[in-house]
Amino acid sequence: MRAVTYQGPHEVRVEEVPDAKVEAPTDAVVKITSANVCGSDLHMYEGRTDLETGRILGHENMGTVAEVGSGITRLKVGDRVSLPFNIGCGHCRNCQAQKTGFCLEIGSDTPGGAFGFADMGPYQGGQAEYLRVPFADFNALRLPGGTEHELDFTMLSDIFPTGWHGTRLAGLEPGESIAVMGAGPVGLMAALSASIQGADRIFVVDQHADRLALAEKVGATPIDFSEGDPAEQIMEATKGVGVDRGVEAVGWQAHDHEGVEHPAGTYDTLVDVVRATGGIGGVGIFLPADPHGPDELMQQGRLRFPFGKLWFKGLSLGTGQADVKIYNRRLRDLIIAGRANPGFIVSHELGLDQAVEAYQHFDARDEGWTKVVLHP
Ligand SMILES: NC(=O)c1ccc[n+]([C@@H]2O[C@H](COP(=O)([O-])OP(=O)(O)OC[C@H]3O[C@@H](n4cnc5c(N)ncnc54)[C@H](O)[C@@H]3O)[C@@H](O)[C@H]2O)c1
Ligand SMILES: [Zn+2]
Ligand SMILES: [Zn+2]
């Protein structure tokens, strides 16, 4: 089969690899119809993780079941399914508590497994014609058959639940205000989620005009950090009150207007603008170590972080990978009911053979390259 493989910093290749196959009775093989490129792929693409060369990328996968193992009782060949980026075993302590992002029996040294991901187990990704899905009865979410809502449903594997997770970690309630750092796909999904949940005012911070324009489409107020300190802009817009909640959707490669990395820059802003006793949901990725990164503290996974102010304001802070399975069933049903359209952010639908240029453009955050969906 053909697949997108990691070849080292800033290099992916579309190549012939061994077919995905059923390896355990609880596996299924899914024929991929859509596999998205994610901001998380870019951390790996840029060589900022220890992903080994040759691994197939892709953790945002959907398709139809092509083959099932002898232990599969629920899924049938031909079922259309969305696959959470996390792989859960379904029976460990964390999976039973719905914390499938932190499965204890699927990952490597630390809890949590995922498709095509550094430090989250040995699993291949789905930017390929076929994908092996472990514990498929537990992990796959069934979708209505056919091809309807493909671009909306393909957001169920990661970024729609992740954006939603950010708002839940932040504790958003209807009628509250929220600031989202980052207008990448995850930040945009957090803004969409906040809007569906009845936020009264949503700010989205970025410096890319095309991405901020998409934030406006879901009713958010864009804040361009290239035009001045985003905290000051939000405080001014709220007459000094600030916001109830904040979502961090950038991660440790957050940078200033010139591109100089400030891993804690977005947290600086949120601690300033979230009002006392409010909450922050951190879904942008941070790592235990970033040995080759430019920031000395972050090389050891440490942040220069205004903890004193956070504590003094009584802010709560939630973090981590999204437990996709908590949300994906309900978010699927919002899509079917016509109440959510996360596919609105898709800018490019490409064949697998165009993956190399897709990575280059998306990594450069070239104008108009918001979200790429590959159709193998
Ligand atoms: N927790 C999870 O489960 C989970 C799931 C998916 C993605 N992620 C992570 O979420 C983050 C965002 O993902 P994405 O796909 O949207 O990535 P992306 O790289 O496409 O978007 C990030 C955006 O942040 C903006 N940005 C950079 N510095 C900024 C700053 N100082 N202030 C405001 N905006 C700034 C960039 O211009 C860009 O538009 C990544 O770290 C990704 O790895 C986490
Ligand atoms: Zn992703
Ligand atoms: Zn588990």
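How many bridges join S3 to strand S8 (residues 130-133), and in which sense do the two strands run? Point 2 takes this up. The points below go through a predicted model.

1. **Domains.** The chain is divided into domain 1 (2-158 + 323-375) and domain 2 (160-319). Their centres, taken over C-alpha atoms, are separated by 25 Å. The contact between them takes 22 residues from domain 1 and 22 residues from domain 2. On the domain 1 side, helix H1 (39-45) and helix H12 (324-336) each supply at least two residues. H12 gives the most to that side, with five residues. By class, the side of domain 1 that touches domain 2 has ten nonpolar, six polar and six charged residues.

2. **Strand S3 and its partners.** To the opening question: four bridges join S3 to S8, and the two run antiparallel. Val-29 stands opposite Arg-132 in S8. Strand S4 (residues 60-68) is joined to S3 by eight bridges, again antiparallel. Here Val-29 stands opposite Glu-67. S3 also pairs with strand S17 (residues 372-375), in the antiparallel sense, over two bridges. In S17, Val-373 is the bridge partner of Asn-36. Strand S3 (residues 28-36) is mostly covered, with seven of its nine residues buried.

3. **The parallel sheet.** Six strands form an open sheet, and the pairing is parallel. The order is S12-S11-S10-S13-S14-S15. Strand S12 (221-224) and strand S15 (316-319) stand at the edges. Each has a single partner strand, so one side of each is left without a neighbour in the sheet. Neighbouring strands of this sheet are turned by 20 degrees against each other on average, direction ignored.

4. **Strand S11 and its two neighbours.** S11 (residues 201-206) is joined to S12 by four bridges, and the two run parallel. Val-205 stands opposite Ile-223 in S12. Five bridges join S10 to S11, also in parallel. In that pair, Ile-178 stands opposite Ile-202 in S11. S11 is mostly covered: five of its six residues are buried. When reading side chains here, recall that in a regular strand they alternate between the two faces of the sheet.

5. **Helices across the sheet.** Which strands does helix H5 (residues 159-170) lie across? They are strand S10 (177-181), strand S13 (243-248), strand S14 (274-282) and S15. H5 runs at about 145 degrees to S14. Helix H6 (residues 185-196) lies across S10, S11 and S13. The angle of H6 to S11 is about 175 degrees.

6. **Helix H9.** Which residues of helix H9 (residues 265-273) are buried? They are Thr-266, Tyr-267, Thr-269, Leu-270, Val-271 and Val-273. What covers these buried residues of H9 includes the strands S10, S13 and S14. Helix H8 (230-237) and helix H11 (307-312) are also among the covering elements.

7. **Ligand 1.** Of the 34 residues around ligand 1, Gly-39, Ser-40, Gly-182, Gly-184 and Gly-251 come nearest. The elements that give two or more residues to the shell are H1, H5, H6, S11 and H9. H1 gives the largest share, four residues. The class count for the shell is 15 nonpolar, 15 polar and four charged residues. Why does ligand 1 lie between domain 1 and domain 2? Both domains give residues to the shell around ligand 1, so the ligand lies between them.

8. **Gly-112.** This residue is found in the loop between helix H2 (93-96) and strand S7 (113-114). Is Gly-112 buried or exposed? Gly-112 is buried, because 24 other C-beta atoms lie within 10 Å, and 20 or more make a residue buried. Not counting residues up to four places away in sequence, Gly-112 touches Asn-86, Gly-101, Phe-102, Cys-103, Gly-107, Met-120 and Gln-321. Gly-112 and Ile-326 are 214 residues apart in sequence. In space, C-alpha to C-alpha, the two are 15 Å apart.

How values were computed
Residues are numbered from 1 along each chain as its sequence is written. Chains are lettered from A and ligands numbered from 1 in the order in which they are written. This is a predicted model: local features need pLDDT of at least 70, side-chain atom pairs count only at pLDDT 80 or more; totals for chains, interfaces and linings use all residues. Two strands pair if DSSP finds at least two bridges between them. Axes are lines fitted to C-alpha atoms, for helices over the stretch in contact, and angles run from 0 to 180 degrees between N-to-C directions. Two residues are in contact if their C-beta atoms, placed from the backbone, lie within 7 Å. Domain bounds come from an automatic or database domain assignment. Ala, Val, Leu, Ile, Met, Phe, Trp, Tyr, Cys and Pro count as nonpolar, Asp, Glu, Lys and Arg as charged, and the others, Gly among them, as polar. A residue is buried if 20 or more other C-beta atoms lie within 10 Å of its own, exposed if 12 or fewer, and partly exposed in between; C-beta atoms are placed from the backbone. A residue is near a molecule or strand if its C-beta atom, placed from the backbone, lies within 6 Å of it.
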